[in-house]
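Please look over the model below.

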Amino acid sequence: MGEHADRFWAELAAVYRAAERPTLARLVALAGEQRPPLAVSGSTVHGWLTGSTVPGPGHTAFFLALVAFLQGRAAQGGGAFVARSEGGWQLLLSRARSERAQARGGRPRKAAASVVTGPVTLPTAAAGFTGRTGPLREILTWLDPDHEDLPPAGGPVTDAQCGSAAMVVSAVAGMGGVGKTALALEAAHQARERGWFPGGILFADLRGYSPRQEREPGEVADQFLRALGLKDKDLPPTPQEKQDAWHLLLNSLAEQGRPLLVVLDNVRTAGQVAALLPRSPHRALVTSRQSLSTLPAHRIGLSPLPPSEAVLLLDRTLRAGGTGDERATTQPAAAARLAELCGYLPLALRITAALLRDEPHRALDDQAQELADARTRLDAIEYDDVDDQGRPLAVRASFELSYQHLTDAQRTAFRLLAAAPGPDISLTAATALLGRPDTRRLLATLTRVHLLQSAGGEERWSMHDLIRLFADSHGRVHAAADQRDTALSRLLDHYLTTAQAADAHLDPRNDQPVSDLFPDRKQALAWFDAEHPALIATATAPCAHGHPAATELASALNLFHRHRRLFKNTKALNAAAEAIYRETGDRHGEGVALNNFGLASFEMRQFDDAIESLTGAIAIFQETGDRHSEALALDNLGGALRVVRRFGDAIQAHTGAAAIYRAIGDRHGEGMALNNLGTSLIEVRQFDDAIETLAMAADIYRETGDRHGEGTALTNIGSAWAEVRRFEEAIEAHTAAAEIYREAEDRHSEGGALNNLGLALRQVRRFDEAVDVHTCAVDIYRETEDRHGEGTALSNLGLALVAVRQFGEAMAAHTDAAAIFEELGDRHGKGAALNNLGFTLAEAQRFDEAVEPLTGAVEIYRETGDRHGEGETLTNLGNALLEIARFDDAVQALAEAVAIFRETRDRHGEGAALNSLGLALQKVGRFDEAIEAHIGVAEIYRESGDLYSAAAALTSYAIACNERWQLRNRGGAFPAKEPLIGRS
């Protein structure tokens with residue numbers, strides 16, 4: 001038919017394929033879905049799709065709806081196609097119609113590929129090519145000779161830069177074996193199918209990274225001229241003349257309207273190809289391990305495949321040629337493991353598939369086991385053959401081609417960087433490792449050749465797993481020449497000293513000058529966050545053994561881990577440190593590590609581990625005569641014992657710690673132990689003793705000038721006052737604590753004091769103030785990046801919002817709190833948040849919805865062993881069940897709550913649960929038990945001085961008596977002789 005009609009049909013066929021070929025019936029039905037409905041026959045649509053007819057003017061509206069539908073389907077499915085605007089399709093259609101009209105109905109050529117009349121020298125496309133949907137679509141957009149609104153190529157390319165016609169180049173860059181050539185060939189073959197380049201498609205391997213000599217521009221120009229039909233006698237004699245002839249021939253093809261595509265593969269430098277690049281309307285596609293930043297090209301960086309696409313490539317390569325090999329499908333876990341061990345690198349996956357094709361009965365697990373040993377993995381990913389361009393089928397050989405082109409300094413840096421512990425490395429750490437002022441330039445060069453990967457805008461670099469193995473193998477050979485041990489020692493010193501400097505900013509009790517390495521606490525936290533994986537890896541790396549970093553990093557990270565609640569890391573580091581200390585016979589260090597291990601176990605609510613470790617630490621400190629450390633570990637042990645409700649043992653431990661501190665004259669330590677003793681006394685409800693003990697602790701803190709410790713003691717005193725319902729004193733104590741923390745500029749502790757202050761304000765019905773205080777606490781915890789504190793403050797804010805009837809905001813606060821605790825893995829915190837959420841839903845009269853979170857909270861409290869929390873939640877659950885008339889379930893829940901509160905000696909909680917239980921018992925007709933419950937409630941409230949609640953309980957008692965009498969006598973008035981006297 002003609003060039004424009006062929007192009008129209010090729011484009012329509014391409015988007016139809018990318019949309020996964022919807023049925024003809026579905027496409028015809030599309031016409032009826034338009035507004036107003038349109039009509040079209042199946043044969044008409046079939047003619048368009050098969051290249052028999054072009055849509056006429058009467059079908060324009062439906063045709064535009066059709067291509068919009070196909071493009072939408074293709075985009076969702078990830079198919080490769082060139083997306084066109086509605087105007088672009090109208091232009092294509094208009095040209096095809098005009099051409100068809102001029103031809104007066106001549107039969108069209110069926111195959112769009114027949115438009116290509118010039119030579120095609122492309123190698124065969126890679127078998128089993130998969131994935132790369134986004135990059136492939138991007139390249140096709142750039143190759144499209146007629147694409148409107150072509151985007152800028154790495155920045156605008158002006159005529160002044162490139163002459164009268166813009167240079168349109170796509171440069172695909174990436175590490176060796178990542179699949180650059182396969183992607184370029186796939187794109188070039190698809191361009192050929194679409195008939196885009198009637199002038200021809202020429203391919204040349206520049207051998208920039210090859211065992212053979214790389215090719216010069218004149219040599220490649222000679223190849224291209226011969227491919228385009230020039231005879232030996234017509235070829236110019238010199239390389240420069242051949243390049244000139246090449247460009248003259250390109251100009252001639254452009255004048256004929258026959259654009260050409262040049263694929264320049266395996267390029268090492270921009271200088272290799274600059275003289276070969278054509279100008280528009282021609283296109284060039286370049287692949288390189290270099291970024292080629294000096295080329296005026298649209299650059300596409302290629303990374304290893306996503307895991308799912310890597311497994312798919314393995315599967316398709318095994319099946320190639322109709323083998324029917326289904327091992328990747330029938331052994332999915334092993335296939336995924338193989339893909340991971342291959343680093344998701346296409347070359348490694350294809351080599352592994354080739355090895356497996358030679359052994360069709362070998363289990364994938366067996367192959368994965370062979371690759372699991374990092375020491376021999378590179379040797380195992382090798383096949384005794386070469387690819388179609390003569391390159392060895394071996395990952396190590398592929399990387400070696402990049403390595404050979406490095407300078408001596410670059411090779412040394414490459415080898416040392418592989419030895420650095422951790423998944424990545426920062427500029428400052430790399431500078432310490434390499435000990436060179438030009439470290440940034442070396443990192444940039446290695447990144448440019450894709451032996452390193454840059455982490456976006458952050459100054460951090462990483463290595464692909466297989467490249468790290470390759471570099472490390474060279475590093476071990478050259479360890480002495482590289483002074484590898486000295487370099488690693490510099491890196492370990494850097495990590496340790498910087499971690500200790502950052503740690504100084506995190507300790508609110510630190511009254512020593514803070515290191516000037518970090519301007520403030522926020523910067524110190526940011527450094528810890530960025531370096532944390534490297535620090536963990538360093539502390540446990542074999543290279544750190546014998547270096548202080550192996551043990552001292554564990555201590556330097558304790559505060560950061562506590563702040564970020566990374567207690568699992570604390571346990572791991574201190575377990576490693578304890579093993580090193582034991583191995584070297586350092587008993588004191590072993591005790592310190594056990595103490596820290598116990599604290600981390602405590603925070604993870606692994607209380608048995610905590611008690612065992614702390615007990616072991618105490619024994620070591622007693623053995624070594626370190627009374628101070630013994631007291632510290634005793635005090636910590638008391639905290640763990642308190643949580644498992646061994647209150648007598650906890651009080652004994654804290655008392656023992658205080659006595660030791662007193663004996664050795666450590667007033668500050670004595671205050672700390674008394675503070676913790678007071679907390680334990682609160683738990684056993686010995687509030688008077690607790691207040692007295694905490695007051696002594698506060699006095700000691702004042703005496704020793706520890707304002708922060710004084711604030712902590714006042715916070716605990718406030719909690720004790722709240723327990724005896726002397727809320728005004730509690731408010732005064734928490735306010736004083738908050739002021740102390742504010743003066744000390746300890747925002748984090750101020751947030752904790754405000755949180756407790758809000759709880760007390762709520763008890764005296766100063767709800768608006770409580771909302772403000774809790775909101776401030778939430779803001780402080782967010783500011784200091786304490787997610788756990790934020791969750792706690794949100795929970796308390798939600799309760800205050802319930803009190804002012806702002807139920808929507810309260811539910812949002814509790815939901816956010818639950819999400820935070822879930823994120824942090826804090827089951828206990830999540831249980832509290834769910835309890836509060838259920839309570840809020842009940843207050844909003846959404847009783848049915850309240851049951852689910854309350855039931856979840858009960859389960860969590862049982863799981864974590866929090867009996868008191870379980871009792872509170874069972875009370876809330878019983879009340880909700882009572883409201884939705886599930887009376888038997890309510891009785892069971894409330895009876896359990898009463899039993900728990902009696903067990904924990906919480907008379908106030910017992911009274912609340914008992915009151916609701918009495919009401920539930922009335923509903924099920926168990927009036928004798930209900931009457932007994934109401935009498936018990938009245939006694940509890942009278943005992944606490946709450947006469948208002950006692951009177952309410954007696955009213956409930958009277959109602960229950962009346963209902964019982966009516967039941968027995970089938971009606972009538974309340975009997976005058978019921979024993980009410982003496983209970984008012």
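Ser402 counts as buried, at 5% relative accessibility, in a model that is predicted. The cut-off for this class is under 20% relative accessible area. Ser402 is part of helix H18, which covers residues 395-403. Arg289 is 113 residues away from Ser402 in sequence, yet their C-alpha atoms are 7.9 Å apart in space. Beyond neighbours within four places in sequence, Ser402 is in contact with Arg289, and also with Tyr209 and Leu451.

Asp144 is buried as well, with a relative accessible area of 0%. Asp144 sits in a loop, between helix H6 (133-143) and helix H7 (159-162).

| Residue | Location | Relative accessible area |
|---|---|---|
| Ser402 | helix H18 (residues 395-403) | 5% |
| Asp144 | loop between H6 (133-143) and H7 (159-162) | 0% |

For the protein as a whole, buried residues make up 53% of the 984 residues. There are 47 helices and 10 strands. Among contacts with a separation of 6 or more, 65% join residues 24 or more positions apart. The accessible surface is about 42600 Å², and carbon and sulfur atoms account for 51% of this area.

In soluble globular proteins, nonpolar side chains tend to be buried together. The largest nonpolar core here has 117 residues, and those touching the most other members are Val395, Phe414, Leu417, Ile425, Leu433 and Phe528. Helix H24 (residues 484-506) supplies the largest share of this core, with 10 residues. Val395 is in contact with Leu347, Ala348, Ile351, Leu378, Ile381 and Leu466, leaving aside neighbours within four places in sequence.

How are helices H36 and H37 oriented to each other? Helix H36 (residues 727-743) packs against helix H37 (residues 747-763) at an angle of about 160 degrees, and their axes are 8 Å apart. Angles over 145 degrees count as roughly antiparallel, so H36 and H37 are roughly antiparallel to each other. The crossing of H36 past H37 is left-handed. On the H36 side the contact residues include Phe727, Ile731, His734 and Tyr741, while on the H37 side they include Glu750, Leu754, Leu757 and Leu761.

Key. Residues are numbered from 1 along each chain as its sequence is written. This is a predicted model: local features need pLDDT of at least 70, side-chain atom pairs count only at pLDDT 80 or more; totals for chains, interfaces and linings use all residues. Side-chain values use heavy atoms; hydrogens and water are left out. Helices (H or I, at least four residues) and strands (E, at least two) are DSSP runs, numbered from the N terminus. Buried means under 20% relative accessible area, exposed over 50%, partly exposed in between (1.4 Å probe, protein chains only). Contact means heavy atoms within 4.5 Å. Accessible areas come from the Shrake-Rupley method with a 1.4 Å probe; for residues, only the protein chains shown count as cover. A nonpolar core is a set of buried Ala, Val, Leu, Ile, Met, Phe, Trp, Tyr and Cys residues joined through side-chain atoms within 4.5 Å. Axes are lines fitted to C-alpha atoms, for helices over the stretch in contact, and angles run from 0 to 180 degrees between N-to-C directions. Angles under 35 degrees count as roughly parallel, over 145 as roughly antiparallel, 65 to 115 as roughly perpendicular and the rest as oblique. A crossing is left-handed if the near helix is turned anticlockwise from the far one by less than a right angle, and right-handed if clockwise.
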